[in-house]
2 protein chains.
Amino acid sequence: VPQYARPLAQLIESLERLPGIGLKSAQRLAFWLLQADDESVQALAAAIANVKRAIRDCSVCFNYTDEDLCPICADARRDHSQVCVVADARDLMALERSGEYRGVYHVLQGLLSPIEGVMPDNLRIAELLERVKKGGIAEVILATPFTVEGDATASYIADLLQPLGVRVTRIAGGLPVGGDLDYADQVTIARALEGRRRVGADASP
Amino acid sequence: VPQYARPLAQLIESLERLPGIGLKSAQRLAFWLLQADDESVQALAAAIANVKRAIRDCSVCFNYTDEDLCPICADARRDHSQVCVVADARDLMALERSGEYRGVYHVLQGLLSPIEGVMPDNLRIAELLERVKKGGIAEVILATPFTVEGDATASYIADLLQPLGVRVTRIAGGLPVGGDLDYADQVTIARALEGRRRVGADASP
């Protein structure tokens with residue numbers, strides 16, 4: 001291992017702990033930070049130091065926020081009768097990026113996984129039921145991923161919502177747009193076949 | 001653009017300014033930091049905040065250090081009569097990683113580039129000449145890269161060192177080990193041909 005001055009070695013070690021950052025990337029980032037203007041470097045350090053203190057859970061949907069409500073729950077232009085259930089804030093942001101969804105969210109903060117010890121009580125499922133019971137919600141869209149955990153979590157929640165008289169839907173699985181059939185795994189192809197719809201003049205919506 | 005809480009948006013923006021980190025990576029890192037244990041996050045923030053303050057130039061070779069001498073110049077087991085001239089500390093570390101070099105370094109802190117306004121006075125060339133004039137140096141190895149700027153810088157320095165009676169060498173250019181001829185660019189192939197050596201029983205070293 002090359003001999004770095006201690007403060008530089010510490011920076012490289014800290015950067016290397018970040019996900020997707022190996023030793024080479026950590027070294028590159030450290031050298032870049034040494035050359036960068038002091039203002040940017042201090043802004044980055046402050047942003048990292050502050051983020052955990054400043055961010056908490058939205059009191060309604062459990063998305064990240066620095067106020068009582070997250071920016072989406074606080075937005076009166078969103079459709080508050082439509083609630084999209086997601087595993088985490090990253091999935092929420094992926095849906096936001098599509099620009100297709102105008103409702104609000106409910107962030108479970110994980111997926112059921114008995115193997116990893118994640119049980120219903122570890123997720124924000126009780127809070128979702130409370131939200132629905134309070135009324136004003138017409139549809140709950142289950143947008144957990146199409147994995148064993150994502151499907152199990154969606155089924156579990158669907159069963160609990162059934163008696164509450166709310167419309168419960170699951171996002172569609174199938175071939176990704178632009179994706180080649182040849183490259184798709186067999187489970188995705190099976191799901192795409194299973195979810196097939198009639199097309200043409202006599203197709204019903 | 002999705003609506004992030006302000007402290008989260010600021011963190012993502014700061015991370016996105018890092019080299020090789022796009023929006024998606026910045027988001028991934030930000031969410032990871034939100035979930036990471038507080039100790040690691042604060043250690044990273046402190047390492048970033050401190051590095052520019054704590055690091056200065058080695059008074060001999062201009063490598064990064066937090067003391068008067070860098071760890072290499074301070075190491076009595078290194079051969080201080082052999083000085084390898086590199087563009088920057090990253091190249092120095094690349095040479096260190098090879099484990100092949102036991103001499104010391106001189107970090108130019110850049111390469112000559114009239115187009116970008118980098119002139120001899122902007123580099124640590126005068127300091128290199130002073131070092132050689134002081135005596136005790138048997139060989140200067142020019143290890144700037146094989147680019148227009150790297151070659152020009154090496155030639156410029158070689159001309160200045162000529163009258164000082166020190167042995168001046170340039171690292172070898174050629175095909176990378178494990179590199180396929182088919183994938184090498186023509187300049188590399190030309191340099192590999194030009195630098196060819198006799199092999200076999202009667203080859204002189």
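Student: How much space lies in the largest cavity?
Tutor: This is a predicted model, in which local features need pLDDT of at least 70, side-chain atom pairs count only at pLDDT 80 or more, and totals for chains, interfaces and linings use all residues. A cavity is a set of points on a 1 Å grid over the protein atoms alone where a 1.4 Å probe fits but cannot get out. Points are joined across faces, edges and corners, and the volume is the space filled by probe spheres set on them. For the largest cavity this comes to about 60 Å³.

Student: Which class of residue lines the largest cavity?
Tutor: Lining residues have an atom within 4 Å of a point; among them are A:Leu15, A:Ile48, B:Leu15 and B:Ile48. Ala, Val, Leu, Ile, Met, Phe, Trp, Tyr, Cys and Pro count as nonpolar, Asp, Glu, Lys and Arg as charged, and the others, Gly among them, as polar. The lining has no charged and no polar residues, and 11 that are nonpolar.

Student: How much area do chain A and chain B bury between them?
Tutor: Buried area is the accessible area (1.4 Å probe) that two parts lose on being put together, summed over both. Of the area buried here, 71% is on carbon and sulfur atoms, and the total is about 5100 Å².

Student: How many salt bridges does the rule find across the interface of chain A and chain B?
Tutor: The rule asks for a side-chain nitrogen of Lys or Arg within 4 Å of a carboxyl oxygen of Asp or Glu. Side-chain values use heavy atoms, with hydrogens and water left out. Across this interface the number of salt bridges is zero.

Technical notes:
Residues numbered from 1 in each chain as written. Chains lettered and ligands numbered in written order. 1 Å grid on protein atoms, 1.4 Å probe; cavity = no way out; pocket = protein on both sides within 12 Å on 5 of 7 lines; lining within 4 Å.
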